[in-house]
Amino acid sequence: MRILFTLLLLIWCGTGTLMAATLVEMKTSQGTIQIELYPEKAPKTVDNFLAYVDQGFYDETIFHRIIRDFMIQGGGFDKKDRRKETASPIVNEADNGLKNRSGSLAMARTNQVDSATSQFFINLTDNDFLNHRGKTPNAYGYAVFGQVVGGMEIVEAIGKQRTYRRNNLFQDYPEQQIVIESIRRIDTL
């Protein structure tokens, strides 16, 4: 398993050389998920995400929104449902060619195109309607910046959790709290 995972750490670069992939490990109360990030396609988004990772921002946060056969969302609230203070919003890089496919990691945002901060979601299925389709606010889409490369069964299990409307803020809140214990960069070769 370790050898296979090490092989996933290498990607072929267009220059004909091997370079280390950008990988993170997300430890959750349900198990561990490995995610490859795409800095070449979404540089600002990956830099933003890794800044939060490096400061330990995601430690002890929760998946606060789970919609079966759609996505799981986290990265903004602690275990007591308190919204975490974030940095300024970033530019939406949804026009980078990456698609909201099953297992892809994308930035959550409000109805404003450039409003993403720390919250992210993992797609449970192909969600083509979230892809970039144009420059208008309704068509801009959600920026994909990574892909689950290990632990998709954990993502799917989280996605099957029963949910309820907790209050006006949480409409698809899991009955069993799902904690993101930590997200860390994985050392490459």
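Does L98 count as buried or exposed, and why?

Mentor: Before the details, please note that this is a predicted model, in which local features need pLDDT of at least 70 and side-chain atom pairs count only at pLDDT 80 or more, while totals for chains, interfaces and linings use all residues. Residues are numbered from 1 along each chain as its sequence is written, and side-chain values use heavy atoms, with hydrogens and water left out.

L98 counts as buried because its relative accessibility is 18%, where buried means under 20% relative accessible area, exposed over 50%, and partly exposed in between, with a 1.4 Å probe and protein chains only. L98 sits in the loop between β6 (71–78) and β7 (104–107); helices (H or I, at least four residues) and strands (E, at least two) are DSSP runs numbered from the N terminus. Leaving aside neighbours within four places in sequence, L98 is in contact with Y38, K41, V144 and F145, contact meaning heavy atoms within 4.5 Å. From L98 to N131 the C-alpha to C-alpha distance is 8.1 Å, although the two are 33 residues apart in sequence.

The loop that holds L98 also holds R101, whose side chain meets that of D128 in a salt bridge at 2.4 Å, N to O; a salt bridge is a side-chain nitrogen of Lys or Arg within 4 Å of a carboxyl oxygen of Asp or Glu. This pair links distant parts of the chain, since D128 lies in the loop between β8 (120–123) and β9 (144–150), 27 residues from R101. R101 is partly exposed, with a relative accessible area of 35%, and D128 is partly exposed as well, at 42%. R101 and D128 also belong, with D126, to a network of salt bridges.

D81, again in the loop between β6 and β7, forms a salt bridge with R166, and the closest N and O atoms are 3.0 Å apart. R166 lies in the loop between β10 (163–164) and β11 (173–174), so that the pair links parts of the chain 85 residues apart. D81 counts as buried at 15% relative accessibility, whereas R166, at 39%, counts as partly exposed.

Elsewhere, the side chains of D59 and R184 meet in a salt bridge of 2.8 Å, N to O. D59 lies in the loop between α2 (43–54) and β5 (61–67) and R184 in strand β12 (residues 179–185), so the pair ties together parts that are 125 residues apart in sequence. Both count as partly exposed, D59 at 24% relative accessibility and R184 at 38%. The structure holds nine salt bridges.

Among the contacts in the protein chain with a separation of 6 or more, 67% are between residues 24 or more positions apart.
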